[in-house]
Amino acid sequence: MIQVEGLTKRYARNVAVDHVSFSVEKGQIVGFLGPNGAGKTTTMRMLTCFMPPTEGTATIAGFDVIKQPLEVKKRIGYLPETPPLYPDMEVGEYLQFVARIKGIPEKEVLKRSEEAAARCFVKDVWGKLIGKLSKGYRQRVGLAQAIIHNPEVLILDEPTSGFDPKQILETRDLIKSLAGDHTIVLSTHILQEVKAMCESLVIINKGKIATSGRLEDLTRRNGAVLEVSVPTGATEASVLTEPFSSISGVTAVTATDDGGLWRIDVDTETNEDLRPRLASIALGKGWNLYRLDAAAVSLDDMFLRLTGAVEGSAVEEVQ
Amino acid sequence: MRNVITIARKELNSYFQSPIAYVLIGAYAAMFGYFFWSLVYFFVRASMQAQMTGRTMPMNLNELVIRNLLGNVGVLCLFMIPMLTMRLFAEEKSRGTMELLLTSPLRDWEILLGKWIGAVGMYASLLLFSGLNLVFLFAYGKPDWKPLAVGYLGLLLQGAAMLALGMFLSSITQNQIAAAFSTFVLLLMLWIFEWMSNMDQNMLTEVLTYMSLLRHNESFIKGVLDLKDTLYYLSVSFLGLFLTARSLESLRYRG
């Protein structure tokens, strides 16, 4: 549904997006993840034909964003970071205006705007001025605006920013309910959101794609992790790794000392569960076993590793 | 075409949803009312004096009242137009609604034409309000309606040209005050170019005088429909629209 190839946006002095390529299948929800200023918004703006790319191409539903922008725009719904609302308009009036500029035939305008309002739970504020609405309502009016013409592709820039926890859950449910009919690209820097909603993931950092793929594939790792202490006192890591490395299917074993508690990572070729065998080996050696888990990369760890965000946290600097 | 109408209607509505329309209409009605009253007062006194002294010189409502009145409206435009145009694009940009317009299936020219027509509509409704005063002239006197109609057409054309220039200046900034002030200065410059003709007669002053916005209105106000002046206003309008289109294009590149 979405094909992006070598998309680049260069400004006079800096490169905001640098040869980004990825593709999204129909009906998927894709999380676009990255720290602030990574180029998420710029990429989305190029996909929505708000700005042309300096280099590269993107096609949406088979239409090129540079050559056929009108066709692309008919097929996308876009919710920018700040919802594009007119505070002097009433909600109903606003939605009907959007319906008209999205090309919905005049006799369907009212019906479609009411449907969109109902879907995004803003029917009860239909006659209210947008300027008087709370932030949560405004965001939902923004979402209603994006889905009003039933677009094939929805592009949402931080759709839940500034919500309270209840609104976040409601909005996530709403977005999930839209998937299937719609292909959804949503940007966020909240990792829970990606876990809760997205099937696949594109991590972007400093304008470049750090990694992309299905969420399952990215976070899966075969193997197990143990935490043990050695009563007799172990001096070398090799003492701890040696008993495991001879098991068939094990590709690598590493042990690290954490103040007397050793952490042993056992990587395996397949996803066969070795934990009972590992436990008996450890206990047979007379070690105290504190923890035994299947290995998995946490999204948080992966994100921090890829974006290198741990260089002296801001909190420490303030202190 | 439907897109243009949709945008124009939205623009016109938004004037009336904000205080701008009411403040402008109120201020304009007060100023116009004052001009009207003082000119009619002068006319009545002059005609009474003429009767008392027994000199029956012909006094013409069109010449003495309407012509001066419309001339004054031309100057009032200088102050009103910037207030009508300042928000056109600057507000959309600062609110982020520009993203909605530019990512909807609209062509750039549909957006700017719609906005311009909306602003011209607002300006026309201001002119309509001034017409209320003139009803009294028709009730108590016999002015000729044809030169009056031509005069109003002139004001409309002049306003449309000024609005197009103002819209362009609004499209290059996010700040409404900056848009309004630069429009005011531009219109003022185009007005005072006219004074050059009093100082010297050479190529430069002739060109500058020709560029003057208000000067081209003189024939309209006298009731003369001049093709040259009509073309002038139409081409200035077109220039304003064209520059706005270029400015929207550059906005896309700069983001």
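What follows is a short chat about a predicted model with chains A and B.

Visitor: How many helices and strands does chain A have?

Guide: In this predicted model, chain A has 12 helices and 14 strands. Its radius of gyration is 25 Å, well over the 20 Å that the globule rule gives for 319 residues, so chain A is more spread out than a compact globule.

Visitor: What does the C-alpha trace of chain A span along its principal axes?

Guide: The trace of chain A spans about 80 × 45 × 45 Å along those axes.

Visitor: And which domains does the assignment give for chain A?

Guide: The domain assignment gives domain 1, covering 2-206, and domain 2, covering 221-301, and the C-alpha centres of these two domains of chain A lie 45 Å apart.

Visitor: Let's go to the open sheet of 4 strands in chain A; what is its order?

Guide: The order of that open sheet in chain A is E2-E1-E4-E5, and the pairing is antiparallel. The edge strands are E2 (15-24) and E5 (63-64) of chain A, each of which pairs on one side only.

Visitor: How many bridges join E1 to E4 of chain A?

Guide: Strand E1 (residues 2-10) and strand E4 (residues 55-60) of chain A run antiparallel and are joined by 5 bridges. As for individual residues, A:Ile2 stands opposite A:Ile60 in E4(A).

Visitor: Switching over, what does the secondary structure of chain B come to?

Guide: Chain B comes to 12 helices and 0 strands, and its C-alpha trace spans about 75 × 45 × 30 Å along the principal axes.

Visitor: What about H6 of chain B, how many residues has that helix?

Guide: Helix H6 of chain B (residues 108-140) has 33 residues, and from its first C-alpha to its last it reaches 50 Å, which is close to the 48 Å expected at 1.5 Å a residue.

Visitor: Where does H6(B) bend?

Guide: The bend in H6(B) is at B:Asn133 and amounts to about 35°.

Visitor: Last topic, then: how many residues does the contact take from each chain?

Guide: The contact takes 21 residues from chain A and 18 residues from chain B. On the side of chain B that touches chain A, the elements giving two or more residues are helix H1 (2-17), helix H5 (98-102) and helix H12 (227-254) of chain B, with the largest share, 5 residues, coming from H1(B).

Visitor: How do the residues on that side of chain B divide into nonpolar, polar and charged?

Guide: The side of chain B that touches chain A divides into 5 nonpolar, 10 polar and 3 charged residues.

Conventions: Residues are numbered from 1 along each chain as its sequence is written. Chains are lettered from A and ligands numbered from 1 in the order in which they are written. This is a predicted model: local features need pLDDT of at least 70, side-chain atom pairs count only at pLDDT 80 or more; totals for chains, interfaces and linings use all residues. Two residues are in contact if their C-beta atoms, placed from the backbone, lie within 7 Å. Ala, Val, Leu, Ile, Met, Phe, Trp, Tyr, Cys and Pro count as nonpolar, Asp, Glu, Lys and Arg as charged, and the others, Gly among them, as polar. Two strands pair if DSSP finds at least two bridges between them. Domain bounds come from an automatic or database domain assignment. The expected span of a helix is 1.5 Å times one less than its number of residues. The bend at a residue is the angle between axes fitted to the seven residues ending there and the seven starting there. The radius of gyration is taken over C-alpha atoms; the globule rule is 2.2 Å times the number of residues to the power 0.38.
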